[in-house]
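Visitor: I would like to learn how to read this structure feature by feature. Could you give me the general idea each time, and then the case at hand?

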Amino acid sequence: MEIKKDAPVEAGKMEKIIALCKRRGFIYPGSEIYGGLSGSWDYGHLGLMLKNNIKNLWWNKFVEEKSDMYGVDASIIMNAKVWEASGHTASFADPLVECKNCRKKFRADHLGGEKKATGERDLPRECPECGKVGTWLPESNFNMMFKTNIGPIEDKNSVSYLRPETAQGMFVNFKNVMDSFHPRLPFGLAQIGKAFRNEISPRDFIFRAREFEQMEIEYFTRESEWEKHFESFRKEILNWLADIGLGKDSVHELEIPPGDRAHYSKRTIDFEFDYPFGRKELLGLAYRTDFDLSAHIGKSGADLSYYDEETKERFTPHCIEPSFGLDRMILALLCEAYTEDEMGGEKRVFLKFKPSIAPVKVAVFPLLKNKPELIEKARSIYDELKKDIRPIIFDDNGNIGKRYRRQDEIGTPFA
Ligand code: GAP
């Protein structure tokens with residue numbers, strides 16, 4: 001396990017990636033024609049294909065290649081009692097500080113780092129927004145769940161939340177899956193879907209958004225075997241990241257000390273990536289113990305235990321959770337793939353995606369667009385290839401050099 005080091009910050013690279021994403025139809029600012037909406041991003045045609053490729057590769061590796069995994073696609077809006085049981089209502093909060101002068105709110109740890117032994121933080125003397133000195137109100141905790149009301153009456157009985165993690169959709173379906181498929185331990189549930197967090201300060205493009213997607217696994221095991229499965233997921237995660245193009249040099253493991261772990265975790269490893277704005281969390285692997293199933297047993301009264309036919313024992317399974325942020329994965333792949341070079345004085349940009357990740361797999365061009373026989377030949381190659389390889393593009397716009405440039409810029413591996 002390595003010691004955490006800060007990756008060098010690459011000035012200007014993020015701006016170039018964000019501009020490329022918008023120009024070429026990967027990712028647009030959310031609600032842009034109304035001035036945008038902080039922390040929301042819309043995926044365009046190429047971004048969507050990139051996202052679908054990652055989801056499919058993940059599902060294939062962590063669900064379909066296995067014989068002990070079951071998929072779930074649960075509702076985003078869940079009964080509020082789910083979040084009381086899971087501990088999110090009480091403690092899914094970030095530290096918040098507010099400037100007395102301009103009322104701007106900031107995440108206290110982003111502004112002043114972690115708390116010192118004295119319980120204080122090194123907050124800056126001046127507010128970064130209004131520049132006034134010494135104006136901080138006392139720190140408070142801000143719950144990050146998006147609250148809404150179900151039905152026409154807005155009172156405390158109709159309160160509900162958009163899910164802040166997909167995980168609970170799996171814990172609440174544990175019994176359903178047991179009743180439908182009668183799996184033996186160890187087995188896991190997997191889900192890909194949206195999660196919502198009212199982040200105090202969304203930032204760094206799709207890295208910290210208010211609406212994002214997760215790809216999560218809840219893997220149930222006997223308590224005595226959690227370390228074995230934790231270790232095997234650790235290796236599988238590293239292998240899968242390398243398979244899709246995130247190599248050893250840019251991915252780093254960070255063992256999270258007890259005081260910094262989520263309330264449900266007895267061990268967490270963060271897998272971090274060297275983003276242009278520094279080394280930051282890409283995904284997490286946590287040992288959630290029997291915290292969630294036990295909490296739901298306590299709150300709902302449902303029987304979420306497991307009966308072992310061989311040992312004749314009944315117990316609550318323990319859980320290992322690999323939790324991948326899909327948008328952070330997309331951003332890492334874009335950052336890893338982004339390359340600039342120069343040829344004949346001309347600056348060129350290209351994305352070096354692996355073919356399995358590339359949104360477009362092949363492009364076919366006629367060498368010249370005013371020669372009907374070349375166009376006909378190129379069309380017939382395009383039609384033939386399209387039967388087996390998709391997505392594929394036909395392009396006869398501009399000169400041949402420009403057509404290659406356009407494909408390089410979106411990471412098409414073959415033209
Ligand atoms: N079920 C466990 C869980 O949700 P987490 O560390 O809070 O754990 C898991 O989140 C992953 O979700 C993170 O590693 C990250 O990839 C992604 N994620 C969390 N907050 C995010 C945000 N505001 N924007 C984009 N991705 C986020």
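Guide: Let us begin with the polar contact, which is a pair of N or O atoms within 3.5 Å; within protein, one must be able to donate a hydrogen and the other to accept it, and residues adjacent in sequence count only if both atoms are side-chain atoms. The model is predicted, so local features need pLDDT of at least 70 and side-chain atom pairs count only at pLDDT 80 or more, while totals for chains, interfaces and linings use all residues. Residues are numbered from 1 along each chain as its sequence is written, and side-chain values use heavy atoms, with hydrogens and water left out.

Visitor: With which side chain does the side chain of His88 make a polar contact?

Guide: The partner is the side chain of Ser86, at 2.7 Å. His88 itself is found in helix H4, residues 88-91, where helices (H or I, at least four residues) and strands (E, at least two) are DSSP runs numbered from the N terminus.

Visitor: Is His88 buried or exposed?

Guide: Buried means under 20% relative accessible area, exposed over 50%, and partly exposed in between, with a 1.4 Å probe and protein chains only. His88 counts as buried because its relative accessibility is 2%. Contact means heavy atoms within 4.5 Å, and, leaving aside neighbours within four places in sequence, His88 is in contact with Trp83, Asn143, Met145, Pro164, Glu165 and Gln168.

Visitor: Which residues come nearest to the ligand?

Guide: A residue is near a molecule if one of its heavy atoms lies within 4 Å of it. Of the 21 residues around the ligand, Glu165, Arg197, Glu216, Glu281 and Leu282 come nearest. Strands E11 (211-221), E14 (278-289) and E17 (318-325) each supply at least two residues of this shell, and E14 gives the most, with 5 residues.

Visitor: How should I read a nonpolar core?

Guide: In soluble globular proteins, nonpolar side chains tend to be buried together. A nonpolar core is a set of buried Ala, Val, Leu, Ile, Met, Phe, Trp, Tyr and Cys residues joined through side-chain atoms within 4.5 Å. Here the largest has 60 residues, of which Ile54, Trp240, Met329 and Phe353 touch the most other members. Helix H10 (residues 326-337) provides the largest share of this core, 9 residues. Apart from it lies another core, of 17 residues, among them Ala167, Met178, Leu185 and Cys319.

Visitor: What is the phi of Arg103?

Guide: Phi of Arg103 is near 65 degrees, a positive value in a residue other than glycine. Arg103 lies in the loop between strand E5 (93-98) and strand E6 (105-107), and it counts as partly exposed because its relative accessibility is 47%.
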